[in-house]
Amino acid sequence: MRVMLAGVSQIFLALSLTLVLGCGSGGDTPVAETVGEPDPVNLGVDEPSPTPPTKKPAPDPNHPVVRIATTMGEIVVRLDAEKAPITARHFLWLAGNQFYEGTIFHQVIDGYIVLGGGYTEDLQEKPVTHFSIRNEAYNGLKNKKYTIAMARIPDEVDSSTTQFFFNLADNDALNHISDKSAAEFGYCVFGEVISGADVLDRISKVPVADRENLASVPREPVTIKSVTEVF
C-alpha cells in the first residue's frame, strides 16, 4: 500500500501504513593504627545511617515511556495514552510483538519529518496483518518539533497501521483542522521525545536518494533495532 503525508507539495511520501550514570571519586585516607577493635559506642561515635534506596519513577499508565534503539542511537519517547489512547496502545502492542525490529526509517526530509515503521533494509514492505486504527488527530496534540505521530493514506482518515514519523519542525499543516475532509483531519500525535533529539538531528542530515518509488530514502539504512517499554 502506498501512503503519503498531506501538506507536502513536491515530495510524495510512500508508505504502508538509557544512560549509564557513572561517578567515581577516590583517594587514600590516612587511618590511625589502633590496638584491638574500638567500640563505636564507647567512643561516642554514632554508626552511620544506611543510605535509603533510590526510588524508581512510578509507572504512569497514561504516559508510558518507550525506548527506540536505532543504529544511530536511542530515542526515548513519552506516549500520551490519555489523549491518544487507541494510538498509544496500538503502538505499544506493535512494539511488544517486535514488529518494528529490523524496520528502517525509509524517508528523511531535513526540517520536516523522519518516517519509519513499514519497510525492511532491502525496502520490502513488512506485511500488516491487522486492521487500521481510528485517527485521533482531534485530540488537541499538535505536530510540534520532536513529537511522534502516525502516518496514514492522505485521502483516508482512519488508515494508520504501523508507520509513524517524528516531526523535525512545527508542522502546522499536519494538524487537525476540521472533520470536513481527510486533508483537514490531520495526523495523530501520540507522544513526544524526552531524550535523543540529537539522534533525530543526526538522522535528519544523512544523505538520501529516491529509490524504488520511495522518495528521500537514506543511502545507508537507519535501522530500528528494538522498541521497548521502559516504564
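**Rings, core and charges**

Mentor: This predicted structure holds ten aromatic pairs, counting Phe, Tyr and Trp rings (for Trp, the six-membered one) with centres within 6.5 Å. One is F91 with F164, 5.5 Å centre to centre and 90 degrees between the planes, hence edge-to-face (planes over 60 degrees apart; under 30 is stacked, the rest tilted). F91 lies in helix 1 and F164 in strand 6, residues 164-167, so the pair ties together parts that are 73 residues apart in sequence. Helices and strands here are DSSP runs, numbered from the N terminus: H or I of at least four residues, E of at least two. F91 and F164 are both buried, meaning under 20% relative accessible area with a 1.4 Å probe, protein chains only; over 50% is exposed, and in between is partly exposed.

F164 has another edge-to-face partner, F105, at 6.2 Å between centres and 85 degrees between planes. F105 sits in strand 3, so this pair joins strand 3 to strand 6 across 59 residues of sequence. F105 is buried, as is F164. F91, F105 and F164 belong to one aromatic cluster, together with F99, Y100, F166 and F190.

A word on conventions. Residue numbers start at 1 along each chain as its sequence is written, and side-chain values use heavy atoms, without hydrogens and water. Local features need pLDDT of at least 70 and side-chain atom pairs count only at 80 or more, whereas totals for chains, interfaces and linings use all residues.

Now widen the view around F164. Ignoring neighbours within four places in sequence, its contacts (heavy atoms within 4.5 Å) include F91, Y100, F105, V114, L115, I148, M150 and I224. The largest nonpolar core has 35 residues, and V77, F91, F164 and F166 touch the most other members. Helix 1, residues 85-96, gives the most to this core: five residues. A separate second core has eleven residues, among them Y112, A151, F165 and V189. Such a core is a set of buried Ala, Val, Leu, Ile, Met, Phe, Trp, Tyr and Cys residues joined through side-chain atoms within 4.5 Å. In soluble globular proteins, nonpolar side chains tend to be buried together.

Charges also meet rings. K126 lies over the face of F99, 4.6 Å from the ring centre. The test is NZ of Lys or CZ of Arg within 6 Å of the ring centre and within 35 degrees of the ring normal.

The whole structure has four salt bridges (a Lys or Arg side-chain nitrogen within 4 Å of an Asp or Glu carboxyl oxygen). E192 and R78 form one, at 3.6 Å from N to O. E192 is in strand 7 (189-195) and R78 in strand 2 (73-79), so this bridge ties parts 114 residues apart in sequence. Both ends are partly exposed: E192 at 40% relative accessible area, R78 at 32%. K205 bridges to D110, with the closest N and O atoms 2.8 Å apart. K205 is in the loop between helix 3 and strand 8, D110 in the loop between strand 3 and strand 4, 95 residues apart. K205 is exposed at 58%, while D110 is partly exposed at 44%.
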